[in-house]
Amino acid sequence: MWDSIVIGAGQAGLSTSFHLHRLGVSHLVLDANARPGGAWQHRWDSLTMSDVHGVADLPDAPLPATHGPEAANTFVPAYFTDYETRNDLAVVRPVVVRAVHDEGEALRIEAEDGRTWHARTIVNATGTWRRPFVPYYPGREDFAGEQLHTVEFGDVERFRGRRVLVVGGGASAVQFLGMLRPLTETLWVTRREPVWRTDEFDQDAGREAVALVEERVRQGLPPRSVVSVTGLMLRPQEQEAARLGAYERRPMFSRIERDGVRWADGTFEPVDVILWATGFRPDVEHLAPLGLRSPLGGIQLGDTTSTSTTAVADPRVQLVGYGPSASTIGANRAGRVAARAVARRLEQAGAQAS
């Protein structure tokens with residue numbers, strides 16, 4: 001039996017594995033991807049390192065210098081690959097975890113291909129990429145054009161000359177509009193009026209934003225994204241799209257029709273593409289057999305640390321890359337916190353057994 005199983009080998013999972021190794025905790029990392037790189041390997045080809053909001057250094061491994069034009073979906077996976085190799089991290093892939101069950105002393109981790117592992121603790125680091133969220137609107141199935149989610153964005157050139165409706169009020173929607181509007185005509189709709197940040201986003205502002213998200217998971221509420229409390233900002237490369245009117249937002253339409261969308265007041269706009277930049281949900285369905293969700297709909301985290309990763313319903317379970325740690329900087333910190341929590345749990349269990 002393993003002391004711990006880490007599920008997921010993105011930034012949070014690799015950070016956790018590094019710290020578990022330092023603490024002498026026997027563990028494996030199970031990764032659903034066929035190769036290193038976490039969700040980064042699936043990002044669209046036109047996303048370069050100058051476009052991303054920042055990738056934090058993995059523990060004891062400064063990010064290699066980048067000149068900006070490198071594609072993020074090759075640069076970051078190469079960094080992760082080197083990190084796994086140099087630190088001799090025990091990653092098994094591809095493994096898609098189907099369910100985690102409580103067997104008393106142990107947790108049983110079941111893969112979709114039938115393989116199983118047993119561990120005294122688990123650290124869930126599965127992120128959100130495999131659970132894209134698309135809201136339902138009447139008529140969606142009748143649309144004759146193309147509908148796609150962020151995960152399917154691909155090459156920006158595919159949209160040239162096509163009228164694109166971008167749905168969503170987050171950072172991805174802002175980035176897509178920045179790339180698309182210089183190439184083609186766009187429309188932007190959101191459920192709520194976007195909140196733009198005009199002041200500097202410094203370290204104090206970042207800590208305040210993370211604290212707001214963290215408070216939700218401490219209460220057992222479903223987590224919100226960090227950007228939902230930081231507000232939106234335009235980068236220099238998005239100024240041309242802004243000049244062209246890309247960020248003149250409209251409220252949500254009421255239904256989708258064959259050739260476009262219609263609002264409640266009867267207004268109709270023809271579109272060729274609907275791009276759902278509507279975010280993701282935490283990839284935690286495999287944890288359902290453990291009954292971790294609170295009555296408020298989220299997995300409540302809380303212990304004596306200021307940044308907790310411990311599931312209140314079962315302290316053998318740690319969650320990283322969830323809620324406040326769903327960012328590269330937050331994931332690194334959460335990996336350290338989770339590893340220490342695992343070590344404490346194992347010490348407590350050992351003391352009780354003796």
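Mentor: Keep in mind that this is a predicted model. Start with helix α1, residues 11-22, and helix α2, residues 72-86: they pack with their axes 11 Å apart, at an angle of about 15 degrees.

Trainee: Why are α1 and α2 called roughly parallel to each other?

Mentor: Set the angle of about 15 degrees against the cut-off: angles under 35 degrees count as roughly parallel. That is why α1 and α2 get the label roughly parallel. Their crossing, by the way, is left-handed.

Trainee: Which residues make the contact?

Mentor: On the α1 side, Gln11, Leu14 and Phe18; on the α2 side, Phe80, Tyr83 and Glu84.

Trainee: How do the residues of that contact divide into nonpolar, polar and charged?

Mentor: Four are nonpolar, one is polar and one is charged.

Trainee: On to the open sheet of three strands, in the order β11-β12-β13 with antiparallel pairing. What makes β11 and β13 edge strands?

Mentor: β11 (255-257) and β13 (268-270) each pair on one side only. Neighbouring strands in this sheet are turned against each other by 25 degrees on average, direction ignored.

Trainee: How do you know that β11 and β12 pair?

Mentor: Pairing needs at least two bridges, and three bridges join β11 to β12 (residues 260-262), so the two strands pair. They run antiparallel, and Ile256 stands opposite Val261 in β12.

Methods:
Residues are numbered from 1 along each chain as its sequence is written. This is a predicted model: local features need pLDDT of at least 70, side-chain atom pairs count only at pLDDT 80 or more; totals for chains, interfaces and linings use all residues. Side-chain values use heavy atoms; hydrogens and water are left out. Axes are lines fitted to C-alpha atoms, for helices over the stretch in contact, and angles run from 0 to 180 degrees between N-to-C directions. Helices (H or I, at least four residues) and strands (E, at least two) are DSSP runs, numbered from the N terminus. Angles under 35 degrees count as roughly parallel, over 145 as roughly antiparallel, 65 to 115 as roughly perpendicular and the rest as oblique. A crossing is left-handed if the near helix is turned anticlockwise from the far one by less than a right angle, and right-handed if clockwise. Contact means heavy atoms within 4.5 Å. Ala, Val, Leu, Ile, Met, Phe, Trp, Tyr, Cys and Pro count as nonpolar, Asp, Glu, Lys and Arg as charged, and the others, Gly among them, as polar.
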